[in-house]
Amino acid sequence: MFKSKYFEVIRTTAVIVISLAIAFLIITLVSDHPVKTIGIFLLEPLSTKGHIGNVVEMAIPLMFTGLAVSLLFRANMFNLGAEGIFYFSGVVTSVLAIHLTLNSWLHPLVAIAAGSIVGALLSAIPGILKAKWNANELVTSLMFNNILFGIGLYLLNYHLRDAKAFANVSYKFEKTAQLSKIFQGTRIHTGLIIVVVLIVLAHLFLYKTKWGYELRMTGINREFARYSGMKTAKVIIMVHLIAGFIAGMGGSVEVLGMYSRFQWTSLPGYGLDGALVAMLAKNNPLSVIASALFLAYIRIGADLMSRLSDVPSEMISIIQAVIILLISAEQFLKFWKNRMLLKEAKEA
Amino acid sequence: MQTALLEMRGITKVYPNGVVANKDVHFSLRAGEIHAIAGENGAGKSTLMKIIFGMEEPSEGEIFIKGEKVRLQSPQDAIDRGIGMVHQHFMLVPSFTVAENMVLGMEPRRGVGINYAEAVRMTEETARKYNLAVNPKAKVEDLTVGMKQKVEILKALLRGAKILILDEPTAVLTPQETEELFRELTQLKEQGHTIVFISHKLKEVKAICDRITIMRSGRSEGVFQTADVTEQEISRLMVGRDVVLKYDKETAPDGGPVLTVEQLNVNDQQGKALLTDISFAVHGGQIVGIAGVEGNGQTQLIEALTGGLTGVSSSGAVKVKGKDILNSSLLDIRQQGVAYIPEDRMRQGAAGEASISDNLISTRYRSKEMNRGLFLNGSKIAALAASLVEEFKVRCSGPAQQIGMLSGGNMQKVVVARECSTGPDLLIAEQPTRGVDIGAAQFIHKKLLELRQAGSAVLLVSADLNEILEISDVLLVMYEGQIVASFEKPSAVSEEELGLYMLGIKRQNERQTGEATEHV
């Protein structure tokens, strides 16, 4: 059949290669020891168990938000609200982690469930506004990020803040609430298992169930879905609920897995990173794993590079910017695809 | 040999979705001729014209104007070289006046404003020069389709077009309007213009064209003097076989009324009547055709039948098997055993980026057979898709192929396959063969007749007179939201006579229309 069907794969690979090449170029210009610095950037994340652990730890929240955003993008909803929900659900979970007394099985379960449900309900609001009144989900979700951050910060400052601590952080979580580590010598926590299970479930949901089918058809052509008899407003609200649930769970898991106090005084950025992960994964749940690991890898690489060499870690923003720019630039490599098509057409 | 006014050599065009629209096409145009490009839909006529008009760039090939090689990168390039185009779907601003539309993009100025009087004068001058009467101050939305087309032609002429491309200009016209258009075109030719006339209506091509280029599946099949070839020869070249638009219809047993429409009235928010006192019935084993010039209430009628009425007030009853479905949702209507082939397959009929198989199950994925517990039954769906692709002869690499990669005809076959294969009691078919090639159209007609034979009721709304006269058992004609005529033997009605009713020049009295609609 069409070789051009591999076009997207090749394109994504090309984007990554180009952005890495630009990174190397910058390192070469900035660093006194470019070869050594590039070596650190590329290989150091794999050098010790601890570093590999860092990559995986960072990939966990990225997988959560990447998955949530993928589902929204699949439904053709350009919603970036995962950011605020991730943050606010973290706050909600923290409240329960501090104030509840339960055994170590039930405690994280209850706290995470609460964070996830709150996330789902909050996410439903832009969904309902979109489904019923066609309010642009990008605008409402971005405004929601600010609102949720404001309320979350208020709760931290006035209700959760530990006066005895030296920074603006909450009281300590109960030990029972925290997620256990699953690999000795790393901070990789049970959240990894949760998110991988979630990704597999999302894959099955999207491709193997009638609800996932409705979601995909609504995303491709809402008019067609409506004509076929689907209730597209319901589908849109449903995908918002699911995505909010996943993003909220991500915030809850991150808080309980990585910290002993709630300490985000600004939005952690995982929600917007989720959009990048989703774009790299072409909104495919299973690809989210690889794409989140990749992003985590280059970030940890950059972080180690800044500690061990003379290049600051902000360089990573340039790589990310190039990736987003090239992936969203429709014309990139189009000429090459056209040539490929022409060749195939002639052979046919 | 005289040099060609415009020549295209070796044009190949491949669209980004892999569709090969033109393959190594040669085309040459002599000054002062009317040159027809004939071919089935999807043969690549429109793409070739888009390339001439700078809307698409060819993937390969060269274009020469008066022997000079050119590259047309935008319609402006084409306009600058004296090429004008009248699109099938008019590019006019409905709320503007004729004069305003005429000068759009080249407005005469007075200070910072537009010199409206000058625009009117320019319009009148052009209209007089080419003997095409229009009222410059009329609003475009109030004009008839024929008038709108005239404005489009004038627009191109005002911009200095010497080569005029008309893309299926007669598709939306009544027979009378078509004759007038032909008079105008002949006149323009006498004044030295060169006209490219795209059509698949062979009678028209024979009537006014000097030469004809025939296209088939993206290739040029040759250039002929129109006088030297017969309609049969042209059609054979177009489709590769002789077209028979006659069907042997067996009589189907009357299955009793399935759809009954009683005194249906629809008014828009301003109170303007869109549909007035529509009453008719469609029985099982019967195809009822609705003819009419577009915009005479057919759209609203279909909307009323498919739960699509919005922002209007309606009264009366629409019953399917006795149950009133007016104002029900399309899902509820479908559950009453109604299937619906929509007019616009790209907008409503298909999800372009989804697979053929996904497109085939969109109206039945909820059913018990298609599901196994929580999950869709993948093997059942695959089997269904494979058998439908086979039965409906969809040319594709397999059910997993993206439907957007298929040609219009094959895509429409998928839509028809989906709607016909559920065994509907009533099928509403809206322009089921618009924009598809003759082969696919015949196939679709056969499927509609098969459904009829199986006892389904079929309501067919179509602008293709040939189709509607040939396969309907009863024909209704709509004009300005009313049924103005009804015929029990449509194949005995001539296109000319039908045209008179469609234009509102003739109408049957209430007793006549009533009779036919009562006992059908």
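User: Are Glu419(B) and Arg418(B) buried or exposed?
Analyst: In this predicted model, local features need pLDDT of at least 70 and side-chain atom pairs count only at pLDDT 80 or more, while totals for chains, interfaces and linings use all residues; side-chain values use heavy atoms, with hydrogens and water left out. Residues are numbered from 1 along each chain as its sequence is written, and chains are lettered from A and ligands numbered from 1 in the order in which they are written. A residue is called buried under 20% relative accessible area, exposed over 50%, and partly exposed in between (1.4 Å probe, protein chains only). By that rule, Glu419(B) and Arg418(B) are both buried.

User: How far apart are the closest N and O atoms in the salt bridge of Glu419(B) with Arg418(B)?
Analyst: A salt bridge here is a side-chain nitrogen of Lys or Arg within 4 Å of a carboxyl oxygen of Asp or Glu. Glu419(B) and Arg418(B) form such a bridge, and the distance between their closest N and O atoms is 3.0 Å.

User: Which helices hold Arg334(B) and Glu419(B), the pair that links distant parts of the chain?
Analyst: Arg334(B) and Glu419(B) form a salt bridge with their closest N and O atoms 3.1 Å apart. Arg334(B) counts as buried because its relative accessible area is 13%, and Glu419(B) counts as buried because its relative accessibility is 0%. Helices (H or I, at least four residues) and strands (E, at least two) are DSSP runs, numbered from the N terminus. The two residues are 85 residues apart, with Arg334(B) in helix H10 (residues 330–335) of chain B and Glu419(B) in helix H14 (residues 408–420) of chain B.

User: Is Lys69(B), which meets Glu62(B) in a salt bridge, buried or exposed?
Analyst: The side chains of Lys69(B) and Glu62(B) come to 3.1 Å, N to O. Glu62(B) has 32% relative accessibility and so counts as partly exposed. Lys69(B) has a relative accessible area of 52%, and therefore Lys69(B) is exposed.

User: How many residues does each chain bring to the contact between chain A and chain B, and what area is buried there?
Analyst: Contact means heavy atoms within 4.5 Å, and the contact takes 27 residues from chain A and 40 residues from chain B. Lys210(A), Tyr213(A) and Tyr227(A) supply 26% of the area that chain A buries against chain B, more than any other three residues. Buried area is the accessible area (1.4 Å probe) that two parts lose on being put together, summed over both. Carbon and sulfur atoms give 62% of this buried area, which is about 2,700 Å².

User: Which residue of chain A forms a salt bridge with Asp358(B)?
Analyst: Between chain A and chain B the count is 2 salt bridges, and a network of salt bridges links Glu223(A), Arg226(A) and Arg347(B). For Asp358(B), the closest N and O atoms of the bridge are 2.8 Å apart, and the partner is Arg216(A).

User: Which residue caps the N-terminal end of H6(A)?
Analyst: Helix H6 of chain A spans residues 137–160, and its buried residues include Phe144(A), Leu148(A) and Leu156(A). What covers the buried residues of H6(A) includes H4, helix H5 (106–133) and helix H10 (232–258) of chain A. At the N-terminal end, a side-chain oxygen lies 2.7 Å from the backbone nitrogen of Leu138(A), and the capping residue is Asn136(A).

User: Which residues is Ser89(A) in contact with, leaving aside its neighbours within four places in sequence?
Analyst: Ser89(A) lies in helix H4 (residues 82–99) of chain A. Ser89(A) counts as buried because its relative accessible area is 0%. Leaving aside those neighbours, the residues in contact with Ser89(A) are Gly115(A), Gly119(A), Gly248(A) and Ser252(A).

User: How far apart in space are Ser28(B) and Leu5(B)?
Analyst: Ser28(B) belongs to strand S2 (residues 20–29) of chain B, and with a relative accessible area of 23% Ser28(B) is partly exposed. Beyond its neighbours within four places in sequence, Ser28(B) has contacts that include Ala4(B), Leu6(B) and Arg211(B). Ser28(B) and Leu5(B) are 23 residues apart in sequence, and their C-alpha to C-alpha distance is 7.5 Å.

Notes. Polar contact = N/O pair within 3.5 Å; in protein donor to acceptor, adjacent residues only side chain to side chain.
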